[in-house]
Amino acid sequence: GRVESAVSMRAGGEYTGFVPDMQRRTLMNLVVVAATAVPTLVLLGAFAYYFYPNVGGGGGGATVCGDKAGNPVSLEGWKSTHRPKDRELVQGLKGDP
């Protein structure tokens, strides 16, 4: 008839090998959680950093607006020499026109 393989002959019955105690199982679970938490936290940190970038201070505050010659322009001085909605070329950031 049919020949049984060695694996199928040993497949039945109760497991009689080593079963870790509760302390060892707890330790193994902590190792698995710690090993999984490291890359998970790295990925979550990168995700959060992408949507909420660092907006910390630094600079020094406002940038002074300058006229064509680079002289500072004040609001009071502008209002005294210009009418409402009047336009004139002034310097932008880093001296760009």
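A residue is called buried when its relative accessible area is under 20%, exposed when it is over 50%, and partly exposed in between. These classes are applied here to a predicted model. Phenylalanine 51 has a relative accessible area of 48%, so this residue is partly exposed.

The secondary structure of the protein consists of three helices and zero strands, and the order of elements from the N terminus is α-α-α. Of the 97 residues in the protein, 2% are buried. The protein exposes about 9,400 Å², and 62% of this area is supplied by carbon and sulfur atoms.

Attention can now return to phenylalanine 51, which belongs to helix H2, a helix covering residues 22-51. On the surface, Phe51 takes part in a nonpolar patch together with Phe47, Tyr50 and Tyr52. The accessible area of these four residues comes to about 590 Å² together.

The aromatic rings in this patch deserve a look of their own. A pair of aromatic rings is described by two quantities, the distance of the centres and the angle of the planes. Two aromatic pairs are found when the whole structure is searched. In one of them, the ring centres of tyrosine 50 and phenylalanine 51 lie 5.0 Å apart and the planes stand at 90 degrees, so this pair is edge-to-face. An angle over 60 degrees is what that class requires. Through ring pairs, Phe47, Tyr50 and Phe51 are linked into a cluster. How exposed is tyrosine 50? With a relative accessible area of 66%, tyrosine 50 is exposed, whereas phenylalanine 51, at 48%, counts as partly exposed.

Lysine 85 is not a glycine, yet its phi is positive, at about 65 degrees. Is this lysine buried or exposed? Its relative accessible area is 80%, so lysine 85 is exposed.

Histidine 82 also lies in the segment after H3. Here the relative accessible area is 17%, and because the limit for burial is under 20%, histidine 82 is buried. Which residue does the side chain of histidine 82 contact? Its partner is threonine 81: the two side chains make a polar contact at 2.8 Å. Within this segment, then, histidine 82 is buried, while lysine 85 is exposed.

Technical notes: Residues numbered from 1 in each chain as written. Predicted model: local features only at pLDDT ≥ 70, side-chain atom pairs only at ≥ 80, totals over all residues. Heavy atoms only, no water. Patch = residues over 30% accessible without salt bridge, like charges linked within 9 Å, V, L, I, M, F, W, Y side chains within 5 Å. Areas by Shrake-Rupley, 256 points an atom, 1.4 Å probe, with all protein chains shown as cover. Salt bridge = Lys/Arg side-chain N within 4 Å of Asp/Glu carboxyl O. Helix = DSSP H or I, 4+ residues; strand = E, 2+ residues; numbered from the N terminus. Buried < 20%, exposed > 50% of the residue type's maximum accessible area, 1.4 Å probe, protein only. Phe/Tyr/Trp six-rings, centres within 6.5 Å; stacked < 30°, edge-to-face > 60°. Polar contact = N/O pair within 3.5 Å; in protein donor to acceptor, adjacent residues only side chain to side chain.
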